[in-house]
Amino acid sequence: STINRLYPLINDQLRYSFVKHLSQLTEKQAELMRKKLPQKRPINGVDHIILVASGKGGVGKSTTAVNLATAIKCVAPNKDVGLLDADVFGPSIPLMMNLHETPLINNDNLMVPLINYGVKCMSMGNLITDQSAAIWRGLMVMGAIDKLIRGVSWNHTDYLIVDTPPGTGDTHLSLAQNLPISGVLIVTTGQKAALGVTRRGITMFKKLNIPILGIVQNMSTMKCSKCSHENFIFGDCVQELAIQEKIDTLFSVPLDPIITNGCDSGQPIVITHPESSQVKIYKSLAEYLINSLGNVTNN
């Protein structure tokens with residue numbers, strides 16, 4: 001029949017069209033591959049950029065970032081410390097650092113970071129109202145991140161702590177490709193659901209050639225108020241993860257109402273209870289990072 005005679009011709013034409021399209025697609029891909037990735041440019045006046053990250057949400061990245069930044073300022077008061085909230089959709093730093101003002105603009109048309117407890121801070125939460133929601137696509141998010149990085153006067157900042165959002169998406173990739181990152185601090189809980197996602201985050205940073213400075217096992221234990229027995233409420237598998245991923249340094253921070261209440265009231269525990277056992281952990285973490293980055297600089 002006519003259909004049977006035409007079928008091979010149609011098939012040949014489709015195959016030719018497909019092969020031609022595939023060839024063109026490959027050429028386009030090759031052209032994209034030839035294009036250089038964005039050149040990494042340092043932030044003016046910033047010596048070290050430290051990411052606080054985890055693939056999983058709700059593990060305490062912001063709590064760790066806030067207490068780490070204030071702890072660095074406590075153990076090294078002569079150093080200038082900055083805290084950048086890179087979580088555009090869920091900024092927490094204004095609440096935790098008790099900074100709700102809108103930043104001023106200097107003569108260079110740069111935003112001036114807000115300061116509390118000796119730490120310079122900037123967050124998208126300082127640029128929108130509490131009731132506002134940033135309903136943005138990827139390019140707008142990247143534009144906002146770039147504004148928080150390049151549009152802020154971070155001059156004379158020895159350590160810039162960057163609180164990152166959950167996941168392994170555009171924000172992390174943009175930071176890694178555009179900035180010389182000194183290292184990343186991984187935060188997780190001992191729960192298997194968190195560890196599995198955290199492992200993917202570690203894999204991403206390894207592929208991006210960003211040094212992993214250590215792991216913080218947050219909310220590791222909770223002490224009974226009556227008998228002082230410590231319970232591993234989320235499990236205790238973080239050590240195994242650290243060994244498997246060949247990460248030498250592990251810090252464990254307990255689940256404690258004082259830490260939680262301090263963040264909710266904008267008064268970090270490092271400031272309100274400087275001699276507590278919990279703060280000693282944050283200060284040990286701060287000293288470890290300072291020494292580690294100092295060794296990298298010297299080498």
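# A guided tour of the predicted chain

The protein chain exposes about 16,300 Å², of which carbon and sulfur atoms supply 54%; such accessible areas come from the Shrake-Rupley method with a 1.4 Å probe, and for residues only the protein chains shown count as cover. The model is predicted, so that local features need pLDDT of at least 70 and side-chain atom pairs count only at pLDDT 80 or more, while totals for chains, interfaces and linings use all residues. Residues are numbered from 1 along each chain as its sequence is written, and side-chain values use heavy atoms, with hydrogens and water left out.

**The whole chain.** Display the chain as a cartoon. Its secondary structure comes to 10 helices and 10 strands; these are DSSP runs (helices H or I, at least four residues; strands E, at least two), numbered from the N terminus. Of the 299 residues, 45% count as buried, where buried means under 20% relative accessible area, exposed over 50%, and partly exposed in between (1.4 Å probe, protein chains only). Among contacts (heavy atoms within 4.5 Å), residues 24 or more positions apart account for 77% of those with a separation of 6 or more.

**Strand E5.** Select residues 157-163. In strand E5, 7 of the 7 residues are buried, so the strand is largely enclosed by the rest of the structure. Isoleucine 50 has isoleucine 161 of E5 as its bridge partner.

**Histidine 172.** Move to helix H5, residues 170-178, where histidine 172 has its place. Is histidine 172 buried or exposed? At 2% relative accessibility, histidine 172 counts as buried. A polar atom of its side chain lies 3.0 Å from the backbone oxygen of proline 165. Leaving aside neighbours within four places in sequence, the contacts of histidine 172 include Thr164, Gly167, Met204 and Phe205.

**Helix H8.** Select residues 257-265. The buried residues of helix H8 are Ile259, Gly262 and Cys263. Seen down the axis of H8, these residues fall within an arc of 95 degrees, so they line one face of the helix; the arc is that of the directions from the helix axis to the C-beta atoms. At the N-terminal end, aspartate 256 caps H8, with a side-chain oxygen 2.8 Å from the backbone nitrogen of isoleucine 258. Glycine 266 follows H8 and has a positive phi, near 75 degrees.

Cysteine 263 is buried, with a relative accessible area of 3%, whereas cysteine 237 is partly exposed at 26%. How many disulfides does a search of the whole structure find? The search finds 0, a disulfide being a pair of cysteine sulfur atoms within 2.5 Å.

**Two asparagines in loops.** Most residues other than glycine have a negative phi. Select asparagine 109, in the loop between helix H3 (93-96) and strand E3 (114-116). Its phi is positive, near 65 degrees, and asparagine 109 counts as exposed at 57% relative accessibility. Finish at asparagine 209, in the loop between helix H6 (192-207) and strand E7 (212-218). Asparagine 209 has a positive phi of about 60 degrees and is exposed, with a relative accessible area of 67%.

How values were computed: A polar contact is a pair of N or O atoms within 3.5 Å; within protein, one must be able to donate a hydrogen and the other to accept it, and residues adjacent in sequence count only if both atoms are side-chain atoms. Two strands pair if DSSP finds at least two bridges between them.
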